[in-house]
Amino acid sequence: MVFALTAMTIHRFYVAIYQVNYVAQKKMVQISTRIFVDDLNEALKNEFHKRTFLGSEKETEVDKILMEKYLSARFKLTINGKAKAMNYLSYELENNVIVCYLNIKDVVKITSLEVENSILTELYSEQQNIIQFNNNGVKQNLLLSSETTKGMLK
Amino acid sequence: MKAVANFFLLVLLISMSLVTAQESPKVPKTDERNPDKFKQMYDLLATPNMYRTASGAPGPEYYQQQADYKIDIELDDKNQKLYGLETITYTNNAKESLDYLWLQLDQNEKAKNSKSPLVESNKTDLSIPAQAFSRRYLEEDFDGGFKIEYVKDAQGNPMNYVVNQTMMRVEVPRLLKHGEKISISIKWWYNINNYLLDGGRSGYEHFDKDGNNLYILAQFYPRMAVYNDVEGWQNQQFWGSGEFALPFGNFEVNITVPADHIMEATGILLNRSEVFTVAQLARYAEAEKSFDKPVIVANQAEAEIREKGFSSAKKTWKFKAENVRDFGIATSRKFIYDAMAVKLGGKNVMAISVYPKEGNPLWEQYSTRVVAHTLKSYSSHTFDFPYPKAVSVHAQDQGMEYPMICWNWGRPDEDGKFTDRVKNGMISVITHEVGHNFFPMIVNSDERQWTWMDEGLNSFCEYMALIEWDPNFPADRGPAKAIVPYMSGDQRGLEPIMTNSESIRQFGNNAYGKPAAALNILRETVMGRELFDYGFKTYANRWKFKHPTPEDFFRTMEDATAFDLDWFWRGWFYTTDYNDIGIKEVKRFYVSNEPSKEAKEAVSKRRRRNSNPGPMVYMIEEGSADFKPEMNKSFNSKEVKTLDDYVQAHFTKDQQIKLNSPKYFYQVTFTKPGGLVMPILVEITFEDGTKESHHFPAQIWRMNDQEVSRTFATQKVISKIVIDPKLETADIDTTNNSWPKTEEKSKFD
């Protein structure tokens, strides 16, 4: 079988992967987000009451701004106890997944990382947001969902 | 179960929402030697026996049980209830006698006393939709589950039975010996679940606008469990994730529904002339001759009239199916029906779709065509589809398979518009579910134990079928690179593919995506298509209409191809290891008449000093102490006296012309930070832009699990070396794949 649990969906699992890599050499946190594009459009419609067309020919500049706004409101990193803003760099479409690239500069060391991620959880109670943290070679996973949208990695 | 559109999976997922352990998952490898990676899997596989041979084929004592069914059911559309009466004739083909029989009562997973919700961790939601809150905390549970009225023997005498959750044990009056048959009659009814509210792989969808229901009925009758040489009686309950294990048999099923319903089900329809109109019969006859496009047998205008009727008259549809493991039914007033014929192995098979108008215009355009394509594609990779038909049913949010029939999602907006993504999602799910006819409906693995055996193999075949449908199809599963994000995660958050169906966390990645990628890598990169396809076909043909185990698959793939894959199964299926191969360094060497200091020392240390290997040729490393700038030129064998003497003495002039004349020597050292052993795919680019590829089999790692070297003697100067340039091996870190180390065009700088 394949799973589909809520209306409006056409793919099989509610999983988004967020890779957070700390590269000590560059003093940079490199973040990529992989979200099913149809879910993201749905979420933007829900949040801003405007239909968006990310990932299609009809995509507009406003769509991109809304995406950024949505991501930054619902995906937050706190490093060593301090909230850090992410720089939104670019995005691309990989099949049905929209991949966004973000970074945080001038990070000397990460002793703790708190992740808050409620992307899509307002829409799909079964949404699973997997945070893959690579702290300069040391890996850790964090599984967030509609119920647990915050977690700490050390 | 009290839940909104979020059945077991929700709670399952929630239960996982915790941070995994604290310390680092990556234990740096210290063992240079790791011969276990290539050890045969005697420690992991069941010992071969007379039932299942070491070759992976069914053995001389292989047997399987038979369960034949005669079922009469009636649907109460007004109250969404199903009433049934069945006679099961069970044949014991095992040499041993049976003292009881086990049946599966899968509807009981939705019973009020079901234990499925009780094995899920669930926390309190901080925010919850009012409807969900009401259903979870205010409303009474859905009263699902089988209500068994009686269990009788052939003489009509009551039989003793005990229900244990989703299973029922029926005691036989005397031992059922080898070759004997027993008949059991069971009468039951149950409340059909609205699957959009209460979840489930079957049930009904209610359409508020017109008051109709669309039923997809499955697991609707008490079904025989599998008894075999591996498990004895299958004794795992249906908790919700691990699907089904079912014996083969013949079915005769009479289904009584309101007279204005249109129906499809497993098997051949015996009384088409009684249930179709004259016009529909004529159109169906036309469809049987239409090989290039579907013919609409019951059209939308007719469906729209029918859905207003609510007839109180009844009609009985009679189906007969041979050698199937299960039976599914789809029925509604709303159904539009189209069909076409597909020629497979000299036989005509019908590809059919039924869908409500809400599925149009998408469904009339694609569904039946995708069914036909899937049958052709899968048949070419396995065996000719042996059943007379395959039906795709449009059911909102469902993707579920039964023999000859399956439910599929993919619904346009209310205004009939649909995006490419909806269309592609629908094409994927139809391909996938129709494909399940092959795995596990015919190659009948035990889904309750091993999700990957049907989902993984099927996702792999689905990928091939989608790419054959459209070479640019945006397929999510199959390509090696698609599984990289999953496999590069913290290994403590992953489990091996060889994990029981109920204990898998990332179900889609673990049981569908990873095995699909693994098989695709075997086919495209490790074995090559010819060998792989022969092995895969051999497995499918050996085990069609039988019950294979993972061992049977692993062994057949090796036995039919003389390709030892124990290292591959061990790494990909039994561990959570990932692939990461890199280039550590590249050193250029020059040929010299004079030995380097190291070479001299090595000679002086040689134990048998008197043994004379003959005149020597010396290699000097660029940049080493013995390297001189004048060495920096291309190699010419004339300039190295010992070599030139040797060539002149051993080859005629004609032979000398045919000798290779390499000019440059490079020693490349590969590292392997990843735990998997995989082939090394090397692409060399020369100064003039030309390229050359090398494939070193995985066995190159058998003596050293960390580091290996290769020397390349080339005609031209190498400007670049890249490992796995086409991303075929699911290498999780490509930053170490190039020499000279190029700063990968980073998306972050």
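Two strands count as paired if DSSP finds at least two bridges between them, and with that in mind I would like to walk you through a few places in this model, which is a predicted one.

Let me start in chain B with strand S22, residues 399-402, and strand S23, residues 405-408, which pair in the antiparallel sense over four bridges. Within this pair, B:Gly399 stands opposite B:Asn408 of S23(B). The two strands form a hairpin with two residues between them, and B:Met404, in the turn, has a positive phi of about 65°. Which way do the residues of S22(B) point? B:Gly399 and B:Glu401 point one way, while B:Met400 and B:Tyr402 point the other way, and all of them are buried.

S5(B) and S6(B) run antiparallel and are joined by four bridges, and across them B:Val163 stands opposite B:Met168 of S6(B).

Is B:Met167 buried or exposed? It has 21 other C-beta atoms within 10 Å, and a residue is called buried at 20 or more, so B:Met167 is buried. If we leave aside its neighbours within four places in sequence, B:Met167 is in contact with B:Trp102, B:Leu103, B:Gln104, B:Leu105, B:Ala225 and B:Gln237. As for B:Pro222, it is 55 residues from B:Met167 in sequence, and the two C-alpha atoms are 8.9 Å apart in space.

In chain B, however, a cis peptide bond joins B:Asn360 and B:Pro361, with omega at about 5°, and B:Pro361 is found in the loop between strand S20 (347-355) and helix H7 (362-381). The peptide bond from B:Phe439 to B:Pro440 is also cis, with omega near 15°, and here the proline has its place in helix H9, residues 437-442.

For phi, one case is B:Phe545, where the value is positive, near 60°, and this residue lies in the loop between helix H13 (529-543) and helix H14 (550-559) of chain B. B:Phe545 counts as partly exposed because it has 14 C-beta neighbours inside 10 Å. In chain A, A:Lys27 has a positive phi near 50°, and A:Lys27 is found in the loop between strand S1 (15-23) and strand S2 (28-36). With 13 C-beta neighbours inside 10 Å, A:Lys27 is likewise partly exposed.

Let me turn to the nonpolar cores. How many residues are in the largest one? There are 167, and those that touch the most other members are B:Ala339, B:Ala351, B:Val354, B:Leu375, B:Ala390 and B:Val393. Helix H12 of chain B, residues 507-526, gives the most to this core, with 10 residues. Taking B:Ala351 as an example, and not counting residues up to four places away in sequence, we see that it touches several residues, including B:Ala339, B:Thr368, B:Leu375 and B:Ala390. A second, separate core has 39 residues, among them A:Tyr18, A:Ile31, A:Cys100 and A:Leu144.

In chain A, the axes of helix H1 (residues 37-48) and helix H2 (residues 61-74) come within 10 Å and cross at roughly 85°, and the two helices are therefore roughly perpendicular to each other. H1(A) brings A:Leu40, A:Ala43, A:Leu44, A:Glu47 and A:Phe48 to the contact, and H2(A) brings A:Leu66, A:Met67 and A:Tyr70.

Finally, a word on confidence. Chain A averages a pLDDT of 86, and 92% of its residues score at least 70. Where pLDDT is low, the predicted coordinates should not be read in detail.

Definitions and conventions. Residues are numbered from 1 along each chain as its sequence is written. Chains are lettered from A and ligands numbered from 1 in the order in which they are written. This is a predicted model: local features need pLDDT of at least 70, side-chain atom pairs count only at pLDDT 80 or more; totals for chains, interfaces and linings use all residues. A residue is buried if 20 or more other C-beta atoms lie within 10 Å of its own, exposed if 12 or fewer, and partly exposed in between; C-beta atoms are placed from the backbone. Two residues are in contact if their C-beta atoms, placed from the backbone, lie within 7 Å. A nonpolar core is a set of buried Ala, Val, Leu, Ile, Met, Phe, Trp, Tyr and Cys residues joined through C-beta atoms within 7 Å. pLDDT is the predictor's confidence in each residue, from 0 to 100. Axes are lines fitted to C-alpha atoms, for helices over the stretch in contact, and angles run from 0 to 180 degrees between N-to-C directions. Angles under 35 degrees count as roughly parallel, over 145 as roughly antiparallel, 65 to 115 as roughly perpendicular and the rest as oblique.
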